[in-house]
Amino acid sequence: MTSKLKIAGWVALGALAGGLTTMQIGATARNSVTPLPLEEMQQLAAVFGMIKTDYVEPVDEKKLISDAIGGMVSGLDPHSVYFDKTTFKEFREGTTGKFVGVGIEIGMEDGLVKVVSPIEGSPAFRAGLKTGDLITKIDETYVKGLTMDQAVKRMRGEPNTKVVLNIFRKSENRSFPVTITREEIRVQSVRAKMIEPGYGWVRITQFQDRTVEDFAAKVEKLYKDDPKLKGLVLDLRNDPGGLLEGAIAVSSAFLPKDVTVVSTNGQLPESKAVFKARSEDYSRRFGSDPLAKLPAALKTVPLVVLVNEGSASASEIVSGALQDHKRAVIMGGQTFGKGSVQTVRQLTADTALKITTARYYTPSGRSIQAKGIVPDVMVDESADGNLYSALRVREADLDKHITSGQGAEVKDAAREKAREEAIKKLEEASVKKNEAPKPLPEFGSAEDFPLQQALNKLQGKPVLVSKTMTERKPEDSKAQ
């Protein structure tokens with residue numbers, strides 16, 4: 001049933017390797033600080049030898065070692081990963097926001113790839129693809145039966161190579177082929193617009209390399225359009241996170257100078273750190289302060305932050321900092337609960353290790369791990385309530401997730417019951433109407449219910465608070 005639900009993703013990003021990651025970059029791997037366990041290492045060597053001599057067919061030695069490293073790392077937690085040549089390349093594309101492809105945001109509909117939106121200026125945009133177009137065939141491969149990730153990989157490729165997409169346009173009831181030349185696409189991770197005179201909306205979809213510069217440019221334009229902005233909505237719904245420096249910078253744009261944004265704590269001395277609202281704590285990546293030209297009014301403009309169960313990691317740092325300093329009203333659903341920091345340590349030119357090195361804490365000392373940010377005002381995802389939110393996976397649902405480190409955690413039975421009821425409701429609706437449930441409206445549209453409630457809050461109008469959503473408890477990793 002749930003396979004029919006709309007799942008949006010950027011073509012050529014696939015399963016976003018950098019998603020749900022608050023990341024710091026480390027240049028090299030560290031030497032072991034303790035002696036290797038001799039007996040266990042002998043066992044590993046013995047297993048390696050047995051596979052080489054006894055397995056039914058020859059196995060590549062390099063693959064065996066790569067798989068052994070991957071298995072060792074994957075046993076730690078859901079976010080520690082060994083990157084081989086292919087996955088490291090994909091990871092870097094995810095954090096830079098650049099990739100080679102055709103340039104469309106996609107979903108799935110009845111087993112076909114649906115064009116949610118062509119990226120402005122991309123090859124797909126220039127070729128005339130439209131929202132709602134269905135891709136039935138990629139080169140000689142029929143899309144029916146492919147997963148989202150498989151379809152994405154077939155549309156990826158090298159720059160200046162061609163791909164033929166067979167398009168079915170429902171509005172014209174016709175099918176036709178389109179030949180598109182792949183090129184490097186730069187994803188815009190920030191969108192902004194005036195939603196009403198005097199009120200702006202800024203949406204961050206992921207914290208990438210250029211997010212802070214794009215954020216500053218979009219906010220400057222909002223103030224240029226209306227220097228007397230009365231209120232602002234910062235939309236972090238479904239933002240899976242990204243670069244730590246980006247979260248610190250966006251928080252700093254709204255907070256007084258030198259207040260604490262986030263702190264981290266782990267085994268390494270450098271993982272015990274406090275990051276403040278100051279350029280030296282976020283501008284290392286940028287060289288100069290990208291926020292320097294922002295208007296002073298941004299520090300005091302009335303602010304609402306929209307979050308939901310898909311808001312994770314870096315977006316939780318921002319919402320937690322603004323909440324603790326009482327700088328914004330946080331509205332929506334309780335966030336994902338990913339409160340750990342991953343450091344990427346490059347092993348070779350083409351491989352790396354992404355390893356969890358610390359937990360992060362909000363300015364008041366709260367650990368978000370396996371719990372998330374609880375909004376000041378709970379708001380449903382639609383006027384009809386929450387149909388999809390209970391279905392979304394959160395940190396505490398992931399196998400081997402680490403705990404908050406702040407006391408005992410218990411299994412959230414209410415969450416499991418809500419999920420079962422939501423699945424049953426979707427299945428019943430599908431059988432009754434013989435069609436997939438209606439997807440939620442696009443974020444930022446006139447039908448966006450949480451955005452309308454955020455605007456009501458800024459304008460002093462009544463807000464339709466959720467009657468069903470309650471604060472959930474974190475889960476104990478031992479109960480998995």
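Author: Gladly! Let us begin with a term: two strands pair if DSSP finds at least two bridges between them. Please keep in mind that this is a predicted model.

Reader: What makes β5 and β6 a pair?

Author: Strand β5 (residues 104-109) and strand β6 (residues 112-118) are joined over six bridges, in the antiparallel sense. The cut-off is at least two bridges, so β5 and β6 count as paired.

Reader: Why is β5 called largely enclosed?

Author: Five of the six residues of β5 are buried, so the rest of the structure largely encloses this strand. Buried here stands for under 20% relative accessible area.

Reader: And L464, how do you know whether it is buried or exposed?

Author: Its relative accessible area is 54%. Exposed begins over 50%, so L464 is exposed. L464 is found in the segment after α10 (449-459). Leaving aside neighbours within four places in sequence, L464 is in contact with V379, F449 and Q453.

Reader: Why are α1 and α2 called oblique?

Author: Helix α1 (residues 38-54) and helix α2 (residues 61-74) pack at an angle of about 140 degrees, their axes 11 Å apart. Roughly antiparallel would need an angle over 145, and roughly perpendicular runs from 65 to 115. That leaves α1 oblique to α2. Their crossing is right-handed.

Reader: Which residues meet there, and how do they divide by class?

Author: From α1 come F48, I51 and K52, which meet E61, L64 and I65 in α2. By class, this contact has four nonpolar, no polar and two charged residues.

Reader: What makes β12 and β22 edge strands?

Author: The open sheet has six strands in the order β12-β13-β14-β18-β19-β22, with mixed pairing. β12 (190-196) and β22 (377-378) are its edge strands, as each pairs on one side only. For β12, strand β13 (residues 199-204) is an antiparallel partner over six bridges, and A192 stands opposite V202 in β13.

Reader: Which helix lies across β14, β18 and β19?

Author: That is helix α8 (residues 314-324), running at about 140 degrees to β18.

Technical notes. Residues numbered from 1 in each chain as written. Predicted model: local features only at pLDDT ≥ 70, side-chain atom pairs only at ≥ 80, totals over all residues. Heavy atoms only, no water. Helix = DSSP H or I, 4+ residues; strand = E, 2+ residues; numbered from the N terminus. Buried < 20%, exposed > 50% of the residue type's maximum accessible area, 1.4 Å probe, protein only. Contact = heavy atoms within 4.5 Å. Axes fitted to C-alpha atoms, helices over the stretch in contact; angles between N-to-C directions. Parallel < 35°, antiparallel > 145°, perpendicular 65-115°, else oblique. Left-handed = near helix turned anticlockwise from the far one by under 90°. Nonpolar A, V, L, I, M, F, W, Y, C, P; charged D, E, K, R; others polar.
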